[in-house]
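We'll hop from one spot to the next, and each stop tells you what to pick and what to look for.

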Amino acid sequence: MKRFLLAATATLLLSACDMSMDKGAVTALDMPDVADGTLSEETMKRVTERLASDEFEGRAPGTAGEEKTIAYLIEEFEKAGLEPGNNGSWVQDVPLVEITGKDFAPLTIAGGKGDTMELAYATDWVGVTYREDTKTVLEDSELVFVGYGINAPEKGWNDYEGLDMKGKTAVILVNDPDFGAETLEGPFNGKAMTYYGRWTYKYEEAGRQGAAGAIIIHDTAPAAYGWNVVESSWSGPQAYAARGDNPPPMTQVNGWVQKPVAERIFKAAGKDLGKLSAAAREKGFKAVPLGLTASTSFTNDIRTFASKNVIGVLPGSERADEYVMHTAHWDHLGRCTPAPDGDDICNGAVDNATGTAALVALAEAHAKAGPAKRSLVFLAVTAEESGLLGADYYAANPVFPLNKTVGGINMDAFLMAGAAKDVTVVGPGKSQLDLFLDKALMNDDRVTTPNPNPEAGYYYRSDHFAFAKRGVPMLYLDGGEDLVEGGPDAGAAVAAEYREKRYHGPKDEYDSNWDWSGVMSDLALFYRIGRMLADSTSWPNWNEGDEFKATRDQDCAAEGAGCGA
Ligand SMILES: [Zn+2]
């Protein structure tokens, strides 16, 4: 995934209120020097171009493209001056299962007013199974509109209240009931998306409710991407973390329908999607059986394999058992729906050859500067595009204990927009890492811009989230959009061009004419933040009231925790 800006609306400096850590301690840190030529644009270009070349076939986990990618990254990490990060090995095996659906029958909707509807696969709907079943059959499954499909006891909100979903199919709105709010006030943090708004959550919850199927109604604004993205991401091989002997409850079919298709379904049921969607935003909403049934079937090819995370470390000189994390996903979509010219390799140059190259460039710069006091970790994770699987696997099976991991920086897709007057903070105000960011910006002319569309929930959509939900503070920044040349309009145009023409498609390709100046300023910022974290004795925490603070506090209370000191 990749967050892409819709519009830069406001620029303001983040306030450092409600911080329990001593702000003075951060201000007093020495500003790390980024010596000329330490951060190499040449490295960024070379590594990005190579990873995005057709030779790597779009870097899909479990393919020949993965083997080439892993071998290449090890070579680059070693050359940069890192040591193997996993007890003498450069890699961590990540067990995955790949399920490829095929021979899709239409999605048949029956029982309403008018004719039975035969919805065409790909254009009207897409679906997969999470289960390791060779044949998936959904037969006359009753459709129930469950609003946003949220069961949040701490908010007193349950869209499944009183329902028995066994054998039935949940029809679910994307995002959460506060979508469209102007402010950050509301049961679901107003305009900022919560985890309850993510599709991953909705399928998990439908599974917990015992539903046979879960169908999300696609809508471009609240989903934050178009149907083309759903279609390309949800067709073809789908990878999951292997479940072992104790799989969580899962539906048989998880899918999406286009919004106009959903409108037809609701009409056939004698209902109005718009009215019911409005009702679903109110607390106390009651789910609505649609009086229709859904049927479909497809077969699945199942393959289990191990993918790999690549881990390099630059051991610290004084506190080598305390770690500062850098993450970026190396994987992309592999071979994909062809462009009109027949090009069927989703090269993922921006997403995320650039972030992976940044791991190499940062490693190189830190190695040249010599060891920091704490250890610096560089983790290239797999299967982000399939749902943060590599990062999630690492965080569940950490090589370096999470309560000895100070915090970190995630890098996912640098837009080649040129130099900017700002830097975008995705999820601003979450943790005391913001103090390090503010300090690192002191030598820059740039300001921070809070993520302009918090409703898209980007903080939950890249690899840092796997760490955050287990308590490790993580910073997720993005290039600015208020460009030195052309201002916010020019920045918005670059983002729109990428989103519409390249994102998750075959044309996300390397371009030798790219202007790297903005990216190099971002890297200098990451370098300073990483270096200050690694040279300090601070343990930044989540801010008071943040959803991840309780988890960190608990982890830090364990015996031997670095962060408990
Ligand atoms: Zn990405």
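Start with strand β19: D422 and T424 point one way, V423 and V425 point the other way, and all are buried. Here buried means under 20% relative accessible area, with exposed over 50% and partly exposed in between, using a 1.4 Å probe and protein chains only. Strands (E, at least two residues) and helices (H or I, at least four) are DSSP runs, numbered from the N terminus. In a regular strand the side chains alternate between the two faces of the sheet.

Before going further: this is a predicted model, where local features need pLDDT of at least 70, side-chain atom pairs count only at pLDDT 80 or more, and totals for chains, interfaces and linings use all residues. Residues are numbered from 1 along each chain as its sequence is written, and side-chain values use heavy atoms, with hydrogens and water left out.

Two strands pair if DSSP finds at least two bridges between them. Click D422 and look across to β20: its bridge partner there is V447.

**Helix α3**

Select residues 64–80. That's α3, with 17 residues and a reach of 24 Å from first C-alpha to last, close to the 24 Å expected at 1.5 Å a residue. The expected span is 1.5 Å times one less than the number of residues.

Which residues of α3 are buried? Colour G65, E66, T69, I70, Y72, L73, E76, F77 and A80. These pack against α2 (41–51), β2 (91–102), β13 (288–314), α9 (349–369) and β17 (374–381), where contact means heavy atoms within 4.5 Å.

Stay in α3 and pick I74. Leaving out residues up to four places away in sequence, I74 touches W90, V91 and V310. Then show Y72 with R50: the charged end of R50 sits over the Y72 ring, 4.8 Å from its centre. To count, NZ of Lys or CZ of Arg must be within 6 Å of the ring centre and within 35 degrees of the ring normal. R303 gives you another example, lying over the face of F305 at 4.4 Å from the ring centre.

Most residues other than glycine have a negative phi, and most peptide bonds are trans.

- D351–N352: a cis peptide bond joins them, with omega about 5 degrees, and N352 is in helix α9.
- N175: phi is positive at about 75 degrees, though this is not a glycine. N175 is in the loop between β9 (169–173) and α4 (199–208) and is buried at 1% relative accessible area.
- A413: phi is near 70 degrees, again positive in a residue other than glycine. A413 is in the loop between β18 (405–410) and β19 (422–425) and counts as buried at 2% relative accessibility.

While D351 is selected, bring up H504: their side chains make a polar contact at 3.2 Å. That term covers a pair of N or O atoms within 3.5 Å; within protein, one must be able to donate a hydrogen and the other to accept it, and residues adjacent in sequence count only if both atoms are side-chain atoms. H504 is in the loop between α13 (487–501) and α14 (517–535), and is buried at 4% relative accessibility.

Switch to aromatics: the structure holds 27 aromatic pairs. Rings of Phe, Tyr and Trp (its six-membered ring) pair if their centres lie within 6.5 Å; planes under 30 degrees apart are stacked, over 60 edge-to-face, and the rest tilted. F104 and W125 have ring centres 6.1 Å apart and planes at 75 degrees, so this pair is edge-to-face. Next, select the cluster linked by ring pairs: Y130, W199, Y203, W234, Y240 and W256.

Finish on α4. Eight of its ten residues are buried, so α4 is largely enclosed by the rest of the structure. W199 and Y203 are among those buried. The cover includes β7 (151–152), β9, β10 (213–217), α6 (227–234) and β12 (253–257). Just after α4, G210 takes a positive phi of about 85 degrees.
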